[in-house]
Amino acid sequence: MAHTECKKYVTCPMCKGAGKSATRAMTETASLSTQHENANSSQIAKTQFVEATYSGASGDLRFSTLSDSRYPKDVNPTANYENYVPILEGDCTETPEDFASPQETLKHAMQSLKQEQWQSSVSALIKLMHISRIQPELLDSNMPRIYRTLCSLLRNTRPHVVRTVCQVAMELYKTVQCTQRPEFDELASALLLKSTHTNKGIRNDAQRALDSMVSHLPPATCIRILTSEHGASHKNPLIRATVSRLLYNIINIIGVECLSSNPNFKDTRRKIFTMCAKFLLDGNNETRNDAKKTLKAMMGHPDFDTLFYQDVDWKIISSIEKQLVSLKYSRIHSV
């Protein structure tokens, strides 16, 4: 049906001219379009993080770690994370009554994991995370399967899924503290890889998960995975930078005195010394800086020289003699 045109109005074929002017119609159409776009933006915002609250506007790969009284002030500043709110809490629609029977919830969650569909798996992992806060011992026998699911979902192409998985891993490291191999090693390696992701939010969440790992799991276990080919020996310089940062945090968790004097930490100390010595020659500036901070902290112990020259290969020592002298000199003048 053809429209009849005039100077100011467009006659509507349905209302026969009783409608509104073309100008008003265009205005309302634009208004509806704006409302539709705002609604879409609101919906998208529910499934995305505000990345600026994680590591500041700079996008630097230097991340603050978990707030813990064991850390000195210069190790774990929390200013950048004051407004941090994990989205996986918003994804969990279950009420407290749904967890009145953790055993039954666990049974259904594990069945969902077997379906190997990312939607049901993410929902199941969030339920398992809540169970870990109530009765973490219930998850002990199922952790290998849970870790395998986490590793699988870390390869998902959806940032929302990957970030949720990182946060679940962060929580499970804190509550269940499972280190069963090889699943634990695979998950830690995957998180190290994600800590260098191009998505800033994924990097932050992966770093948080790794911080949780070194904060709540045995230092010897963490050092073992950090010194593997997936950590300190990795070809990616950003992964080596992450490892160097985590080493400095571990030093502050254990304490210089305990690390130097406790015979149980002999192997751990040797690995830390060796890694830090190699990192002094690394091409990445952040890796070198954190290695220097670690060694300067260790130099405060009176037996440092004896232990260091005893634990580190002489070929490595001969290549970093100038750096060691410089560190000792700078430490003396900074005291």
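Y309 is partly exposed, with a relative accessible area of 43%. That figure lies between the 20% and 50% cut-offs, so the label is neither buried nor exposed. F308 is buried, with a relative accessible area of 0%. These values come from a predicted model.

How do the rings of F308 and Y309 pair? Their planes stand at 85°, so the pair is edge-to-face.

Y173 sits in helix α7 (residues 159-175), while F184 sits in helix α8 (residues 183-194), so the pair ties together parts that are 11 residues apart in sequence. Are Y173 and F184 buried or exposed? Both Y173 and F184 are buried.

| Pair | Distance between ring centres | Angle between planes |
|---|---|---|
| F308 and Y309 | 6.0 Å | 85° |

Now to a loop residue. N142 lies between α5 (118-134) and α6 (143-153). Which residues does N142 touch, leaving aside those up to four places away in sequence? The contacts are L106 and M110. N142 and L106 are 36 residues apart in sequence, yet their C-alpha atoms are 9.5 Å apart in space.

Terms used: Residues numbered from 1 in each chain as written. Predicted model: local features only at pLDDT ≥ 70, side-chain atom pairs only at ≥ 80, totals over all residues. Heavy atoms only, no water. Helix = DSSP H or I, 4+ residues; strand = E, 2+ residues; numbered from the N terminus. Contact = heavy atoms within 4.5 Å. Buried < 20%, exposed > 50% of the residue type's maximum accessible area, 1.4 Å probe, protein only. Phe/Tyr/Trp six-rings, centres within 6.5 Å; stacked < 30°, edge-to-face > 60°.
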